[in-house]
Amino acid sequence: MLTLDLSLSAAIAFFLIATTVVGIAGTRIVGIADRIADRTGFGEALVGGVLLGGTTSLSGIVTSVTAASTGHAELAISNAVGGIAVQTAFLVVADIVYLRANLEHAAASLINLIQGALLIILLSIPLIAANISDLGVVYAIHPATPILFGAYVLGLRLAEAARDEPMWRPSATVETIEDVPEEEPGGRTVLGLLLIRFLLLGVVVGVAGYALARLGIVVADRSGLSHSLVGALMTAVATSMPELVTTIAAVRRNALTLAVGGIVGGNTFDVLLVALSDVAYRDGSIYHAIGERELFLFGLAIVMTAVLVLGMLRRQKHGIGNIGFESLLVLLLYFGAVGLQIAQG
């Protein structure tokens, strides 16, 4: 593992550079994801949640796994769960950018609702694991880790089945933007090229994520801040930049279902960062290294997600300006949590 011997100012400067790289690479992904959704016929919500969400989460994966492998459990967990809170707040930014109506109203999708409910379930599993004994822990890997992976796969299968045979449909309004393919399905050559471009961009994001992980630890050590605070507020925001950039880019392309799906589905993928960190963490089960700050972040992410799901169900056209009640509550929850984290040091 590379050891970085940098001053605080140098570490922050390189941190900002790596964050910029992540943002630029993330910007280029949206158009490709939209075309892949059309070419495969899977739709924006599913492609946004799995392919786009997974790709933009690469920097977070590298950050959390790298931190866990070096014994920094607090940084690994707070980066993963803090990223979910940050990305949910980023959806509000996209909602503000979309001036016509409340984004959750215009981008109504059964798949996004299912992924929101799945996210709440996945976030609850580590909380349960943190409060039970070491029973079933094998080679420092907790049983909750394979359960998380299994629950994620089952959730995706449920979403796919709902896409093929929906038993619920949102009411169409003048502001509803339906996910209508702009390209005909098929074309293996074109699809293959699109996937290659996706892979190359993913490598860029992953390398930048590795740099963020190392630099985040340096900043924590040099500044005297706790790894939980650095993970929740610094690395989580930095590694979530692709989600912000891609979501706003998707909104500007009028690919609203892709925008919401990229955040909600990406958040479900991000819970797997905790499971991957458990595998990389060799000092025991990482779930038993969850402290009070991390428990707070899990609770925050669950509440923010529940508010978002309620907003998608209520589908308020206009609240304050063009945003609904859920966007306002999500912002209040996030900035209130940030204030508490900073106050605790």
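Predicted model: local features only at pLDDT ≥ 70, side-chain atom pairs only at ≥ 80, totals over all residues.

Biologist: Where is the place of E326, then?

Modeller: E326 sits in helix α14, which covers residues 325-344, and the C-alpha atoms of E326 and N102 are separated by 9.6 Å although these two residues are 224 residues apart along the chain.

Biologist: Is E326 buried or exposed?

Modeller: E326 counts as buried, because its relative accessible area is 0%, and the cut-off for buried is under 20%.

Biologist: Switching topic, what does the side chain of T268 reach?

Modeller: The side chain of T268, a residue of helix α12, reaches the backbone oxygen of G265 at 2.5 Å. With its neighbours within four places in sequence left aside, T268 is in contact with Q115, L118, L119, L122 and Y152, and T268 counts as buried because its relative accessibility is 0%.

Biologist: And at what angle do the axes of α4 and α12 cross?

Modeller: The axes of α4 (residues 58-69) and α12 (residues 256-280) come within 8 Å and cross at roughly 25°, which means that α4 is roughly parallel to α12, since angles under 35 degrees count as such. The crossing in which α4 passes α12 is right-handed.

Biologist: Which residues meet there?

Modeller: From α4, G60, I61, S64, V65, A68 and S69 meet F269, L273, L276, S277 and A280 of α12. Sorted by class, this contact of α4 with α12 has 7 nonpolar, 4 polar and no charged residues.

Methods. Residues numbered from 1 in each chain as written. Heavy atoms only, no water. Axes fitted to C-alpha atoms, helices over the stretch in contact; angles between N-to-C directions. Helix = DSSP H or I, 4+ residues; strand = E, 2+ residues; numbered from the N terminus. Parallel < 35°, antiparallel > 145°, perpendicular 65-115°, else oblique. Left-handed = near helix turned anticlockwise from the far one by under 90°. Contact = heavy atoms within 4.5 Å. Nonpolar A, V, L, I, M, F, W, Y, C, P; charged D, E, K, R; others polar. Buried < 20%, exposed > 50% of the residue type's maximum accessible area, 1.4 Å probe, protein only. Polar contact = N/O pair within 3.5 Å; in protein donor to acceptor, adjacent residues only side chain to side chain.
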